[in-house]
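Please examine the sequence and the structure shown below. The paragraphs that follow lead through them step by step.

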Amino acid sequence: MHISEGVLSAPVLVAGGVLAAGGVGLGLRRMTPDKIPAVALLSSTFFVASLIHVPLGPASVHLVLNGLTGLVLGWMAFPALLVGLALQAVLFQFGGLTTLGVNTCIMAAPAVAVSYLFQPFAGSLNRILVFVSGALCGALALLTSSVLIALCLVFTGRHFLEVAQLTVAAHVPIMVIEGMLSGFTVLFLRKVKPEILGAAADVISPA
Amino acid sequence: MNLDPFSRGTSALHRRDPRVKLVVATAYAVVVAVMQDMAALVPALMLAVLLTGWARLPWRPLLRRLLVVNGFVAVLWMFLPFTHPGTPVYHVGRLTASREGVIYAANLTLRTNTIVLATMALLGTTPVFDLVHALHHLRVPEKLAQVAFFTIRYLDVIYREYLRLRNAMRVRCFKPRTSLHTYISYAHLVGMLLVRSYERSQRVYQAMLCRGFQGSFPVYRHFSLVRSDLVFGTIMLLAIGMLWLL
């Protein structure tokens with residue numbers, strides 16, 4: 001999920017850059033040297049996962065998984081997603097250099113928000129609670145991201161209002177898929193490797 | 001996963017110092033991103049086309065990327081001329097396109113294509129590892145550079161892991177459909193990828209500790225800034241400065 005180069009106005013780009021720098025700074029401060037490989041490898045995993053296309057009726061959607069990123073990495077989602085987006089900008093020309101800050105905020109701010117909301121429940125022993133919190137994590141993060149995209153567009157110019165509405169509407173079906181997938185993934189992780197979900201716990205409340 | 005298809009070339013642009021290219025590309029993108037005037041955007045696009053030609057990028061992947069970018073721009077063209085208030089120029093059904101809207105969309109198209117071309121010509125011609133190395137020299141926070149380094153290093157490893165898991169699913173007759181079974185399977189695929197890369201990261205860190213890792217990477221290879229790099233950087237920055245003043 002990203003906004004291309006050359007679309008947004010200077011104030012929006014600057015605001016995004018400043019906010020992203022703050023978030024990345026916080027994330028880096030929580031990232032002790034022993035966490036660097038884990039953050040980086042999870043960052044490349046989320047990069048690879050975003051290449052997966054999931055069928056939805058006649059079309060297919062690709063995964064975003066920023067809610068899951070937040071759940072696993074907490075504030076460190078900021079540097080992880082910044083790196084992922086920078087790579088996409090340089091390697092595939094998705095997004096761009098000047099929109100890096102804005103795009104990082106669009107993806108990472110909802111990720112951090114849902115990690116605060118749902119982290120306490122993701123480790124629960126109740127399977128339904130785990131699934132529901134994972135699903136809400138995925139769905140709400142994606143919804144918030146699309147709303148942030150819409151806001152960036154509308155702050156650039158009022159005439160983007162229709163495009164912005166279309167953006168949010170287009171993300172509703174993807175939100176359902178993301179929610180389901182995130183829910184099942186969290187359930188899987190809870191069963192197979194609960195440390196990954198717990199990894200963010202000491203990230204959110206720094207020891 | 002072929003990460004940087006444009007980086008293996010022999011043009012003069014390929015040989016420029018990555019630090020210079022990074023600085024020039026950033027300045028170019030920032031200046032063009034805030035440009036409002038077509039009189040400045042057209043020369044800016046011409047300069048980007050010139051750079052692309054100079055880099056002798058393979059045209060097939062180049063066109064494919066431009067097509068992807070302009071697909072998004074095309075969606076904006078369906079809206080912006082009609083939603084921007086101003087003097088009417090043409091009608092589609094009940095909708096009226098305004099002159100200002102068309103100009104706005106045209107400027108946006110020019111900006112997007114200029115930045116994309118310039119980024120491909122300047123950064124695409126640099127191997128990604130050299131870019132991270134350059135970031136390190138340009139005083140980007142060390143931990144961030146390390147995350148970038150490891151992310152790139154393991155991108156292909158994890159991509160192969162993904163292909164292996166997907167092949168395993170195919171062998172077991174998995175066919176993606178719009179069904180709960182498909183979504184659960186994909187969720188487990190993502191979960192398994194996360195588990196494997198998490199475990200791999202633990203092993204990587206242990207191996208680093210064994211080799212005496214103390215929080216920073218020693219850098220042995222250094223870039224050498226030669227005179228042609230300085231000439232190139234100065235000319236480019238002057239040109240970008242002139243575009244900004246236009």
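In which loop of chain B is Arg56(B) found? In this predicted model, Arg56(B) belongs to the loop between α2 (38–55) and α3 (59–83) of chain B. The backbone at this position deserves attention: Arg56(B) is not a glycine, and yet its phi is positive, at about 50°. The surroundings of the residue can also be described. Residues with over 50% relative accessible area are called exposed, and Arg56(B) counts as exposed because its relative accessibility is 60%.

A second residue, in the other chain, may be set beside this one. Leu65(A) has a positive phi near 60°, and it too is a residue other than glycine. Leu65(A) lies in a loop of chain A, between β2 (59–62) and α3 (66–73). Is Leu65(A) buried or exposed? The term buried applies under 20% relative accessible area; Leu65(A) has a relative accessibility of 0% and therefore counts as buried.

Chain B contains 8 helices and 2 strands. Read from the N terminus, its elements follow the order α-α-α-β-β-α-α-α-α-α. The radius of gyration of chain B is 23 Å, whereas the globule rule gives 18 Å for 246 residues; the value is well over the rule, so chain B is more spread out than a compact globule. Along the principal axes, the C-alpha atoms of chain B fill a box of roughly 65 × 60 × 30 Å.

The interior and the surface of chain B can be considered next. Of its 246 residues, 48% count as buried. Among the contacts in chain B with a separation of 6 or more, 74% are made by residues 24 or more positions apart. Chain B exposes about 13100 Å², and carbon and sulfur atoms supply 64% of this area. As for charge, chain B has 28 positive and 10 negative side chains. The centres of these two sets lie 8 Å apart.

Finally, the two chains meet.

Definitions and conventions: Residues numbered from 1 in each chain as written. Chains lettered and ligands numbered in written order. Predicted model: local features only at pLDDT ≥ 70, side-chain atom pairs only at ≥ 80, totals over all residues. Heavy atoms only, no water. Helix = DSSP H or I, 4+ residues; strand = E, 2+ residues; numbered from the N terminus. Rg over C-alpha atoms; globule rule 2.2 N^0.38 Å. Buried < 20%, exposed > 50% of the residue type's maximum accessible area, 1.4 Å probe, protein only. Contact = heavy atoms within 4.5 Å. Areas by Shrake-Rupley, 256 points an atom, 1.4 Å probe, with all protein chains shown as cover. Lys, Arg positive; Asp, Glu negative; His and termini not counted. Charge placed at Lys NZ, Arg CZ, Asp CG, Glu CD.
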